[in-house]
Amino acid sequence: MVQWLGWAARGMGTDPVLRVVFFRSQGGREPVREWLLELNRGDRKAIGCDIKTAQFGWPIGMPLIRKLEPGLWEVRSSIERGIARVIFTVEDDVMVLLHGFVKKSAKTPSSDLQVARDRRFSLRGVQ
């Protein structure tokens, strides 16, 4: 932890590397934003800080960010209820938050991964 704090203080810079946006469905819903609003304030803050660290320090690896497959990564956050994950993709300089959930098992559930894949696919269909 001390090494991370030293690195952060030395030089993530003042400008973000990525712009963060929520995935928006064709119907205008933002599922990750809705999920975050269901969490308590402390959990939202923890997840937000981790997303901000990724935004300003991209690319980052473990333990904060794990690559799931080509084009999909997860932000790994410790929260009061356990371990939260936010699956995202990066398109140019934009981090798109695709899916968020609280893990209940060691492995990322295939259903959660599929939701993120489907949302990523729908992004590509729009572009």
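In this short talk I will go from the overall fold to the sheet, the helices packed on it, and a few charged side chains.

Please keep in mind that this is a predicted model, in which local features need pLDDT of at least 70 and side-chain atom pairs count only at pLDDT 80 or more, while totals for chains, interfaces and linings use all residues. Residues are numbered from 1 along each chain as its sequence is written, and side-chain values use heavy atoms, with hydrogens and water left out.

Let me begin with the fold. The chain has four helices and five strands, where helices (H or I, at least four residues) and strands (E, at least two) are DSSP runs numbered from the N terminus. Along the sequence they follow the pattern α-β-α-α-β-β-β-β-α. Of the 127 residues in the chain, 42% are buried, and here buried means under 20% relative accessible area, exposed means over 50%, and partly exposed lies in between, with a 1.4 Å probe and protein chains only. If we take contacts between residues at least 6 apart in sequence, 50% of them join residues at least 24 apart, a contact being heavy atoms within 4.5 Å.

The five strands form an open sheet of mixed pairing, in the order 1-5-4-3-2, and two strands are said to pair if DSSP finds at least two bridges between them. Strand 1 (19–22) and strand 2 (65–69) stand at the edges with a single partner strand each, so one side of each is left without a neighbour in the sheet. From one strand to the next, the twist averages 35 degrees; axes are lines fitted to C-alpha atoms, for helices over the stretch in contact, and angles run from 0 to 180 degrees between N-to-C directions. Strand 3 (residues 72–79) and strand 4 (residues 82–91) pair in the antiparallel sense over seven bridges, and serine 77 stands opposite alanine 84 in strand 4.

Two helices lie across these strands. Helix 2 (residues 31–38) lies across strands 1, 4 and 5, running at about 45 degrees to strand 5 (94–103), whereas helix 3 (residues 41–57) lies across strands 1, 2, 3, 4 and 5 and runs at about 140 degrees to strand 3.

I turn next to the charged side chains. The structure holds seven salt bridges, each being a side-chain nitrogen of Lys or Arg within 4 Å of a carboxyl oxygen of Asp or Glu. One of them joins glutamate 74 and arginine 85, with the closest N and O atoms 3.5 Å apart. Glutamate 74 lies in strand 3 and arginine 85 in strand 4, so the pair ties together parts that are eleven residues apart in sequence. Both of these residues are buried, and they belong to a network of salt bridges that links Arg66, Glu74, Arg76 and Arg85. In another salt bridge, glutamate 30 and arginine 24 bring their closest N and O atoms to 2.7 Å; glutamate 30 is buried, at 13% relative accessible area, while arginine 24 is exposed, at 54%.

Which side chain of opposite charge is nearest to the buried aspartate 112? It is lysine 104, 7.7 Å away, and aspartate 112 has no salt bridge; for charge, Lys and Arg count as positive and Asp and Glu as negative, with His and the chain ends not counted. Aspartate 112, which lies in helix 4 (residues 110–126), does make a side-chain polar contact with the side chain of histidine 99 at 2.6 Å. A polar contact is a pair of N or O atoms within 3.5 Å; within protein, one must be able to donate a hydrogen and the other to accept it, and residues adjacent in sequence count only if both atoms are side-chain atoms.
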